[in-house]
Amino acid sequence: MIITKTPFRMSFFGGGTDMENYFRENGGAVLSTTFDKYCYVNVRHLPRFFDYNTELSYSKTERVTDIDAIQHPAIRNAMKMLDMHEIRLTYEADLPARSGLGTSSSFAVGMLNAFYALKGKYADKKKLADEAIYLERVLCNEAGGWQDQIAASYGGMNRINFNADGYEVRPVIISPERKKQLNNNLVMFFTGFTRFSSEIQKVNNISAVEKRNQLKEIYELVDEAEKILIDKHTDLDDFGRLLDETWKLKKQTGSSITTGNIDELYDYGKKVGALGGKLLGAGGGGFMVFYVQPEKQGAVRSALSKLMYVPFEFENGGTRVINYSPETYIPKES
């Protein structure tokens, strides 16, 4: 039996510039971190006592005798890609899916990690990120960028640069004290709305020509945000003010990025003390993060008391195998 643990990510700056049809031509970068909320993928070979040979448990349960009959596209395509047969897979998560935290990509990375471990093979972080991108963007033909798969695989706080040749992951060098201060100044809430990121991406068509100016400005803010983090002489509160700026730009890139309710919540949060913030992910709902000085967090939490407050801590591990109990698997004879 194999169990993998894969973190969710929080994207601060650069979202949208990680779309392949944008960064291949214009370059791109994102600044993001993973945090201590995870998805868990449990995989083992299914004993041959049933009238089905594959059992999958996620938000629904599937029992099939033919891989092509699997309804979940990522599982179906991943099993074909890695030649997996006769398995039982169970998915669990600390936070809901379709909520702006890259949950589908964390699942894809964790699932591939588990499949390789079940085969007794090691896959490094780049291999897992690359294959998760291929799985979601090519095999499943889902719209979206590349940052989620990379963040889930590598873990930690990183600047991820994108160019015509692909990507590079560069950890953000920040003192533990300053990183802790940043963590303490961020508060996250669940808006209660969930949506499919790929659907939002298609509606917004964020890489359309008329949106290049906003994406260019969003790209440039990554440099400013990184400088604020690494320069200990800079006021860290500027990071919060910059979040407000990138959120305003993000809203200009598509009609489905925000809603009237979300705008009201955001404006209310700023009115009672937040310096800035943003909706996480492609837009339309899910989780919202605010940058709030500690002495004003009580007022913000009280003002937004109808929303679920979700405490969190940054994490550095990325995807990992937390239980490795190899099994002897003998394929059925043809």
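Author: Glutamate 86 has a relative accessibility of 8%, so it counts as buried, the limit for that class being under 20%. Do keep in mind, as we go, that this is a predicted model. Glutamate 86 sits in the loop between H2 and E5, and its phi is near 50°, a positive value in a residue other than glycine. Why point that out? Most residues other than glycine have a negative phi.

The loop between H2 and E5 also holds aspartate 83. Aspartate 83 likewise is not a glycine and has a positive phi, of about 55°. Is aspartate 83 buried or partly exposed? With 48% relative accessibility, aspartate 83 counts as partly exposed, whereas glutamate 86 is buried.

Now step from the loop into the elements on either side. Strand E5 covers residues 87–93, and arginine 88 lies in that strand. The side chain of arginine 88 forms a salt bridge with the side chain of glutamate 55, at 2.5 Å from N to O. Because glutamate 55 belongs to strand E3 (residues 54–57), this pair ties together parts that are 33 residues apart in sequence. The two partners fall into separate accessibility classes: arginine 88 is partly exposed at 23%, while glutamate 55 is buried at 10%.

On the H2 side there is another such pair. Lysine 80 and aspartate 68 meet through their side chains in a salt bridge of 2.4 Å, N to O. Here lysine 80 comes from helix H2 (residues 73–81), and aspartate 68 from the loop between strand E4 (61–64) and H2, so that the pair links distant parts of the chain, 12 residues apart. Lysine 80 has a relative accessible area of 45% and is partly exposed.

How many salt bridges does a search of the whole structure find? The search gives 22. One further example joins glutamate 226 and arginine 159, whose side chains meet at 2.9 Å, N to O. Glutamate 226 is in helix H8 (residues 212–230) and arginine 159 in strand E6 (residues 157–163), which puts the two 67 residues apart. Both glutamate 226 and arginine 159 are buried. They also take part in a network of salt bridges that links Arg159, Arg170, Asp223 and Glu226.

Helix H3 (residues 103–118) and helix H5 (residues 147–154) have axes that come within 8 Å and cross at roughly 50°. H3 and H5 are therefore oblique to each other, and H3 passes H5 in a right-handed crossing. From H3, the contact uses Ser105, Ser106 and Val109; from H5, it uses Asp148, Gln149, Ala152 and Ser153.

The crossing of H4 and H5 is right-handed. H4 contributes Lys125, Lys126, Leu128, Ala129, Ala132, Ile133, Glu136 and Arg137, and H5 contributes Gln149, Ile150, Ser153 and Tyr154. The residues of the contact of H4 with H5 comprise six nonpolar, two polar and four charged.

Isoleucine 2 is in strand E1 (residues 2–13) and, with a relative accessible area of 0%, is buried. Beyond its neighbours within four places in sequence, isoleucine 2 is in contact with residues including Val41, Val43, Ala114, Leu118, Val321 and Tyr324.

Lysine 248, in helix H9 (residues 237–251), is partly exposed at a relative accessible area of 46%. Lysine 248 and isoleucine 218 lie 30 residues apart in sequence, and their C-alpha atoms are 9.8 Å apart in space.

Note on methods. Residues numbered from 1 in each chain as written. Predicted model: local features only at pLDDT ≥ 70, side-chain atom pairs only at ≥ 80, totals over all residues. Heavy atoms only, no water. Salt bridge = Lys/Arg side-chain N within 4 Å of Asp/Glu carboxyl O. Helix = DSSP H or I, 4+ residues; strand = E, 2+ residues; numbered from the N terminus. Buried < 20%, exposed > 50% of the residue type's maximum accessible area, 1.4 Å probe, protein only. Axes fitted to C-alpha atoms, helices over the stretch in contact; angles between N-to-C directions. Parallel < 35°, antiparallel > 145°, perpendicular 65-115°, else oblique. Left-handed = near helix turned anticlockwise from the far one by under 90°. Contact = heavy atoms within 4.5 Å. Nonpolar A, V, L, I, M, F, W, Y, C, P; charged D, E, K, R; others polar.
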